[in-house]
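Please look over the sequence and the model below.

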Amino acid sequence: MEVDPGTALREIDSQIARCKRCKLGMGGAHPVPGSGNPHASIMFVGEAPGFYEDQAGLPFVGPAGKLLDGLLEVAGLSRKDVFITNVVKHRPPANRDPEPDELEACDDFLRAQIAAIKPQVIVTLGRFSLSKFFPNVRAMRDVHGRALPTSDGLTICAMYHPAAALHQNSLRAVLEQDFRALPMILARAQSQPATPVTVAQAALPGVETPPEQMSLF
Ligand code: SF4
C-alpha cells in the first residue's frame, strides 16, 4: 500500500529531528527539514539553513527567502504550491559551505523526500544542489534555466541561489527570467515523459566536462 506523502514527510521530519549522522546535528542547530505541499509538482532544493531558518525551523525565511517569495510570484506560484528544502537539514556554523561528509550523510533524507513527494520538476538553487544531480557541471551560467531530464523521470532545472542575487544585483533579472520559464518547463515535464540526458546531449556550450547524470534511486 502506498504511503500518503504527508505521512511519509512527517516520518522523515521526525528522523531529521533526531539525526546526529554528521557534526551539523551535534551542535545547537535546529532541524530544518523543509516545508510546503506534500503533493507538489515542483520541489526547490537549496543549500543549507542559515541563521533565520535555524531560528524558525523553516527553509528560506530570511532575506533570500523574501526574494524567493517574489520569484515564485513571477512564476505564478506561492509556497503552498511547492515544496522547499535544502541539501543539508541543519545549519552549518557561521553559514559556511556544507562539507562533503555532511552532504553525503544528509543525502538519504533528500532522496526520501523526493520519493515521498514525487515531483515532476526539481529546481536546484545554487551549485551544491545542482551537483547532487549533475556532479560534473562546473559553471552555473551555462545551465541555469535549462530543463535537464534524468533517467529517473525527473526534470532538473538549475538556477542560481537567491542569496547570490542579494550580493550581485544583476543576477536578480537572470533569476526572474528563469522563474518566468518555470510554468512552461513544468507543462512540458507533465506532457511528455522525460528523456534521459545523455553525455552527447549534455555537452553544453562552455561546460568543460559534460554534466554526468547521477541516478537518484
Ligand atoms: S545535516 Fe543531515 S545528516 Fe547532518 S545531522 Fe542534520 S539531518 Fe543528519
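Gly 36 stands opposite Phe 83 in E3. The strands E1 and E3 run antiparallel and are joined by two bridges; strands pair if DSSP finds at least two bridges between them. This is a predicted model, in which local features need pLDDT of at least 70 and side-chain atom pairs count only at pLDDT 80 or more, while totals for chains, interfaces and linings use all residues. Residues are numbered from 1 along each chain as its sequence is written.

The pair belongs to an open sheet of six strands, in the order E1-E3-E2-E4-E6-E5, with mixed pairing. Its edge strands are E1 (35-36) and E5 (147-149), each of which pairs on one side only. The protein chain has nine helices and six strands. Helices (H or I, at least four residues) and strands (E, at least two) are DSSP runs, numbered from the N terminus.

Within the sheet, E4 pairs with E2 (residues 42-46) in the parallel sense over four bridges, and here Met 43 stands opposite Ile 122. E4 also runs parallel to E6 (residues 155-159), with five bridges between them; Val 121 stands opposite Thr 155 in this pairing. Why is E4 largely enclosed by the rest of the structure? Five of the five residues of E4 are buried, so the strand is largely enclosed. A residue is buried if 20 or more other C-beta atoms lie within 10 Å of its own, exposed if 12 or fewer, and partly exposed in between, with C-beta atoms placed from the backbone. In a regular strand the side chains alternate between the two faces of the sheet. Both faces of E4 are covered, with Val 121, Val 123 and Leu 125 buried on one side and Ile 122 and Thr 124 buried on the other.

Leaving aside neighbours within four places in sequence, Cys 157 is in contact with Val 121, Val 123, Ala 147, Leu 182 and Ile 185; a contact means C-beta atoms, placed from the backbone, within 7 Å. Of the 217 residues of the protein chain, 42% count as buried.

H4 (residues 100-117) also gives the largest share of the shell around the ligand, four residues. Of the 14 residues around the ligand, Cys 19, Cys 22, Gly 25, His 90 and Cys 106 come nearest; to be near, a residue has its C-beta atom, placed from the backbone, within 6 Å.

Ala 94 lies in the loop between E3 (83-86) and H4, and its phi is near 55 degrees. Ala 94 counts as exposed because it has 6 C-beta neighbours inside 10 Å. Lys 118, in the loop between H4 and E4 (121-125), also has a phi near 55 degrees. With 14 other C-beta atoms within 10 Å, Lys 118 is partly exposed.

The protein chain averages a pLDDT of 89, and 88% of the residues score at least 70; pLDDT is the predictor's confidence in each residue, from 0 to 100. Over residues 196-217 pLDDT stays under 50. Where pLDDT is low, the predicted coordinates should not be read in detail.

How values were computed:
Two residues are in contact if their C-beta atoms, placed from the backbone, lie within 7 Å.
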